[in-house]
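Here is a short briefing on one protein chain.

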Amino acid sequence: MKANATVWLPYAQMQTTLPPFEVQSTQGSKLLLKNGKTLIDGVASWWTACHGYNHPHIVKAIQEQAAVLPHVMMGGLVHPQATRLAERLANLLPGTLDYVFFSESGSVAVEIAMKMALQFWMNHNQPNKHRFICFENGYHGDTFFTMSVCDPIDGMHRLFQRVLPKQHCLSLPTTDTLLETFATWLKKHAHECAALLIEPLVQGAGGMKMHSPQVLQAITSLCQQHNVLVIADEIFTGFLRTGTLFAIEQAKIIPDIICLSKALTGGTLPLAATIATKPIYDAFLSNDQSKALMHGTTFMGNALGCAAANASLDLFESEPRLKQVHAIQTMLCEAFSNLEDVPGVTAVRVKGAIGAIELARALTPSEMNRFKEQCVNDGIWCRPIQNVVYTTPALTIEPAQLSYLTQSIVKQVLAWSTLFCHA
Ligand SMILES: *Cc1c(COP(=O)(O)O)cnc(C)c1O
């Protein structure tokens, strides 16, 4: 055995970060650690495990599919789970969002959406429309092209600015005045812009920042007026997280392209989808081979992933997820509203099954370690983003578990507030 073999953790300074807690098994909303401790999961594994862990219906679907057809390449082949999933996603989405391109991760789904947008304009003989519009606090992935549309200053990719393509990162126009400024800006720059990317209603990884359906609607309609495509990145918000199956429903908008991943397979297997409308798809139809969408990944449309996603959609139909989201929203509002007046807390935001507490400043690395350790000692799992402590539990979390989770979070925030005031 080599002594140095290491699992290199994401976004972690390996010299100072806490060693990872080893999870032996999962169950409902619980993580069972090797050291015997049980944690109530407040994050649902980066927002994926919407039905809780190990839901028997999804487990069975994956097992059955593994015995029949675990995977085939999509170059020229397809399988019933992919066909069925494409049909079901199309049926759940508005307008002509019917054309489903599968991949294995959210970042790649966004890459594909950006490639579709660029090639859409090339195929329409407008290659100068090649820039993207995105928003401060936005997050769309960690691959190189998606890094170019993440928040360039507060995001995680500042280091790479020099090699990234230049895009237009604007502040979200959340007031009428800002919307007017945005409209003027768009009029001037639309000729060089392929598409705008937005996380509808909630910017997740950027700190659970929320905007209204009216703002989303206004942005979309301005883009449509000025021939700029709209890419809705619902990788975080999709599948009831914000209280509707998709966040775009609340603004009654139809984007040109929508990206889905995270909760798509109920937190079991990596799968993503980039779904386009008919005008986008039609722009690729031609006798000219060079107008075809030039993308394909080895494991795209993986049959186990598609089987898991189909089983997850069954559960949205057969189990009371909407009621559960509403109950979670009510409990989060009650649990966190008192924190608004606590020194050092600058905002409390709740939408659907998302509860966020914004602090006056980012936790220092040692405060972050302390925070996480105290959560684990208390029996919960919670991973703040810079200055935002949040929870996005499984939609199936039991009321008693949620109540324990939120009380514990409140306790940790109050402890931090005391330190903050004495500093
Ligand atoms: C997580 C996330 C991504 C990236 O997905 P990965 O599967 O981590 O590559 C992109 N956009 C949004 C909104 C996300 O939340």
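Buried means under 20% relative accessible area, exposed over 50%, and partly exposed in between, with a 1.4 Å probe and protein chains only. This is a predicted model: local features need pLDDT of at least 70, side-chain atom pairs count only at pLDDT 80 or more, and totals for chains, interfaces and linings use all residues. Residues are numbered from 1 along each chain as its sequence is written, and side-chain values use heavy atoms, with hydrogens and water left out.

**Thr242**
- Thr242 is buried, because its relative accessible area is 3%.
- Thr242 sits in the loop that runs between β10 (229–233) and α8 (248–251). Helices (H or I, at least four residues) and strands (E, at least two) are DSSP runs, numbered from the N terminus.
- Leaving aside residues up to four places away in sequence, Thr242 touches Leu201, Val202, Thr237, Ala247, Gln250, Lys351, Gly352 and Ile354. Contact means heavy atoms within 4.5 Å.

**Helix α12 and its surroundings**
- Helix α12 covers residues 365–378, 14 residues in total. From first C-alpha to last it reaches 20 Å, close to the 20 Å expected at 1.5 Å a residue. The expected span is 1.5 Å times one less than the number of residues.
- The buried residues of α12 are Glu367, Met368, Asn369, Phe371, Lys372, Cys375, Val376 and Asp378.
- These buried residues pack against the strands β2 (30–33), β3 (38–41), β15 (380–381) and β16 (388–391), and against helix α13 (399–422).

**Ser408**
- Ser408 belongs to helix α13.
- Its relative accessibility is 2%, so Ser408 counts as buried.
- Ser408 touches Asp378 and Ile380, not counting residues up to four places away in sequence.

**The chain as a whole**
- The protein chain has 13 helices and 16 strands. Its radius of gyration is 22 Å, close to the 22 Å that the globule rule gives for 423 residues, so the chain is as compact as a globular protein of that length. The radius is taken over C-alpha atoms, and the rule is 2.2 Å times the number of residues to the power 0.38.
- The C-alpha trace spans about 65 × 55 × 50 Å along its principal axes.
- Of the 423 residues, 52% are buried.
- Among contacts between residues at least 6 apart in sequence, 73% join residues at least 24 apart.
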